[in-house]
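This briefing walks through one protein chain, topic by topic. Please keep the sequence and the structure in view while reading.

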Amino acid sequence: ALVTAKLSDPDNRRILLVLSKTCGLSVKDALGALKFLGAKPAPCGLSEALEGGGDNFLAVTTEDMVRGLDMNLNTVVIVGKASSPDSYTHIAGRCGRAGEEG
């Protein structure tokens, strides 16, 4: 599952929140927290997020679902400990260079 919420942020943030297998939270839990904080999260498909996400969004997904995800992000937050070093490296790579050299 992938859920996005629009953010009112002048800095054009594109944030991916990844729930690790070990964190004990589900996307449903994250949705409840976002709603409590005043965000208006809406479930969407991957293609919608990639094409229509634009700027100023927070996307929430699970460690399993992040594989193959290719989004232009500037922040990746992992909730909990990744299940393996390989998984951590892969998740961190979702942000990677973010179009920058290096």
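**Helix α1 and the overall picture**

In helix α1, the buried residues are V27, A30, L31 and L34. These residues span an arc of only 105° around the axis, which puts them on the same side of α1. The model discussed here is predicted.

Further points on α1:

- An α-helix has 3.6 residues a turn, so residues three or four places apart point the same way.
- K28 and F36 are exposed, on the other side of α1.
- Just after α1 comes G38, which takes a positive phi of about 95°.

**Chain as a whole**

- The chain has three helices and five strands.
- Read from the N terminus, these elements follow the order β-β-α-β-α-β-β-α.
- Of the 102 residues in the chain, 36% are buried.
- Considering contacts between residues at least 6 apart in sequence, 80% join residues at least 24 apart.
- The accessible surface of the chain is about 6200 Å², and carbon and sulfur atoms account for 53% of that surface.

**Nonpolar cores**

- Nine residues form the largest nonpolar core: L16, V18, F57, A59, V66, L69, M71, L73 and I91.
- Strands β2 and β4 (57-62) each supply at least two residues of this core.
- There is also a second, separate core of eight residues, among them I15, L19, L58 and V60.

**Helix α3**

- Which residues of helix α3 (residues 85-92) are buried? They are S87, H90 and I91.
- The three cover an arc of only 95° around the axis, which puts them on the same side of α3.
- P85 and T89 are exposed, and they sit on the other side of α3.
- The cover over the buried residues of α3 includes strands β2 (14-19) and β5 (75-79).

- S87 belongs to helix α3.
- Is S87 buried or exposed? Its relative accessible area is 7%, under the 20% cut-off, so S87 counts as buried.
- The side chains of S87 and E63 are joined by a polar contact of 2.5 Å.
- Setting aside residues up to four places away in sequence, S87 touches E63, R67 and A82.

**The salt bridge**

- How many salt bridges does a search of the whole structure find? The search finds one.
- The salt bridge pairs D64 with K21, and the closest N and O atoms are 3.2 Å apart.
- D64 lies in the loop between β4 and β5, while K21 lies in the loop between β2 and α1 (27-36), so the pair ties together parts that are 43 residues apart in sequence.
- K21 has a relative accessibility of 53%, which is over the 50% cut-off, so K21 counts as exposed.

- K81 sits in the loop between β5 and α3.
- With a relative accessible area of 66%, K81 is exposed.
- K81 and L19 are separated by 62 residues in sequence, but their C-alpha atoms are 9.0 Å apart in space.
- Leaving out neighbours within four places in sequence, K81 is in contact with S20 and T22.
- L19 is itself included in the second core.

Key:
Residues are numbered from 1 along each chain as its sequence is written. This is a predicted model: local features need pLDDT of at least 70, side-chain atom pairs count only at pLDDT 80 or more; totals for chains, interfaces and linings use all residues. Side-chain values use heavy atoms; hydrogens and water are left out. Buried means under 20% relative accessible area, exposed over 50%, partly exposed in between (1.4 Å probe, protein chains only). Helices (H or I, at least four residues) and strands (E, at least two) are DSSP runs, numbered from the N terminus. The arc is that of the directions from the helix axis to the C-beta atoms. Contact means heavy atoms within 4.5 Å. Accessible areas come from the Shrake-Rupley method with a 1.4 Å probe; for residues, only the protein chains shown count as cover. A nonpolar core is a set of buried Ala, Val, Leu, Ile, Met, Phe, Trp, Tyr and Cys residues joined through side-chain atoms within 4.5 Å. A salt bridge is a side-chain nitrogen of Lys or Arg within 4 Å of a carboxyl oxygen of Asp or Glu. A polar contact is a pair of N or O atoms within 3.5 Å; within protein, one must be able to donate a hydrogen and the other to accept it, and residues adjacent in sequence count only if both atoms are side-chain atoms.
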